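Work through the exercises below with the structure open. Each task is followed by a stepwise solution.

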Amino acid sequence: MTDLRLFNSLTRQVEPFQPVHPGEARVYTCGPTVYNYPHIGNMRAYVFADVLGRTLSFNGYKLTHVINITDVGHLTDDADAGEDKMEKMAAQRAQSIWDIARHYTEAYWADIKALNIRQPAQWTIATEFVPQMIDFAKSIADKHCYELDSGLYFDVSTVADYALLAGRTKLDQLQESEEAHMRIDPVKDKRNAADFAIWRKTPPGEKRQMEWDSPWGRGAPGWHLECSVMSGQVLGFPFDIHTGGIDHREIHHPNEIAQNQAFCCTNGLDVPANSGARIWMHNNFLVERSGKMSKSSGEFLRLQLLIDKGYHPLAYRMLCLQAHYRSELEFSWEGLGAALVRLKRLVLAVAGLRGQGAEPAAAPGARFAPYLERFAAAVADDLNTPVALTVLEEVAALKKVDAGEKLAALAAMDAVLGLDLLALDRAVLRIRPKAATITEDEIETALAARKAARADKDFARSDALRDDLAARGVEVMDGDPLGWEWKLG
């Protein structure tokens, strides 16, 4: 077990991981609001959380990982302004909100599977925890909340160090921020600009598809309340690690922390466990320069689009692993192609060992110990996957070593990185767009004819066959063990 050190967003420091329960690791990850398909930037958060979970397992901890599904309560602005995202999409599609939630949850789970992200111990569905949310709100209402016509609101001045996670130590700094005022719903009679809804009442004369009775009237829980309740219910306060995208660091997670403080204690955040979790971790943004990372545009980059363009989804996982989770990562088709090439080389190395009849040994031999130590040190250093990948590639390139032990070493490292190297068939890594009209059999026939022409030194025919394939979108890659690739139009 290597000493694991992780960056805590709450303290802005890399800290040793010290589990609340010896030998265990309890992790909560903010999941999607299932009103639309996730874009690839959203999915970066789950690749990061998966690597974290795999690293904890690699280090010998008994992992309990929970990811939530938000199917109610999240408004179109993260800070309590606008419409409910689920209600809005249901109205646009003229569908039941329950059908909308089911469809997009299943689409998200399909992306999870495609990216080889391990299943968590539990998926917590927000609508299945509403009674517990009401009980939680009742327990803090007298000391920390107040009721308005629109709902029950949390008074952020009742807890110490509000918004410390966002880098603010005084509430008046947040209240005086012009940017904050633009993002926070100016609800009439709120005590503080940063106060947020715990329970949103259904307006008089309206009926929502998702609403419940409560002591504050019929309505629905606030988005921030949901994660506090589900994490505490399943993992218990305090638990070890709470993860999410860096966008949650400004509003959603500070509001969660405030609720957790109110529920557990009223003490300050000089003790991180008072926040409900000992460590808060956030992955940085995926940047795409064309602007197709925003769902509001109506057209955005989904994992399925990458697949339709012919790229294996694990090429995107490789792209994510090439950057540290706390660094911005720029997406481009060229970068994705380069990540695919890197993945292919590793798969071909494994295929070469398999071709020798090798199977993974029970354990890597002493020859591989220094590499495994360097790999373990890299992932223990705040999940430094770029360095870990280079160590993996060094092992893949080793010559004159036992093939079975080499496979065992690669498998041990891949258990953390999750590239599925020992199971991937190299042929599935060919770039083959969904829209292609030429069939694989036609390509193979043409390539066989070209090979024969080259053997006969009929280079004119060989060039003609290559040009014909190129005209139909097939790039012939001489010397590539996979034989051919598809060009992307």
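Contact means heavy atoms within 4.5 Å, and helices (H or I, at least four residues) and strands (E, at least two) are DSSP runs numbered from the N terminus. The model is predicted: local features need pLDDT of at least 70, side-chain atom pairs count only at pLDDT 80 or more, and totals for chains, interfaces and linings use all residues. Residues are numbered from 1 along each chain as its sequence is written, and side-chain values use heavy atoms, with hydrogens and water left out.

**Exercise 1.** Determine how much of α7 is buried and what follows the helix.

Step 1. Eleven of the 13 residues in α7 are buried; among them are Trp223, Glu226 and Leu235.
Step 2. Gly236 comes after α7 and has a positive phi, near 80°.

**Exercise 2.** Describe how α10 and α11 are arranged.

Step 1. The axes (lines fitted to C-alpha atoms over the stretch in contact, with angles from 0 to 180 degrees between N-to-C directions) of α10 (residues 313–321) and α11 (residues 333–355) come within 8 Å and cross at roughly 100°.
Step 2. The two helices, α10 and α11, are therefore roughly perpendicular (65 to 115 degrees).
Step 3. Residues of α10 in the contact include Leu314 and Tyr316, and those of α11 include Gly335 and Arg342.

Definitions and conventions: Angles under 35 degrees count as roughly parallel, over 145 as roughly antiparallel, 65 to 115 as roughly perpendicular and the rest as oblique. Buried means under 20% relative accessible area, exposed over 50%, partly exposed in between (1.4 Å probe, protein chains only).
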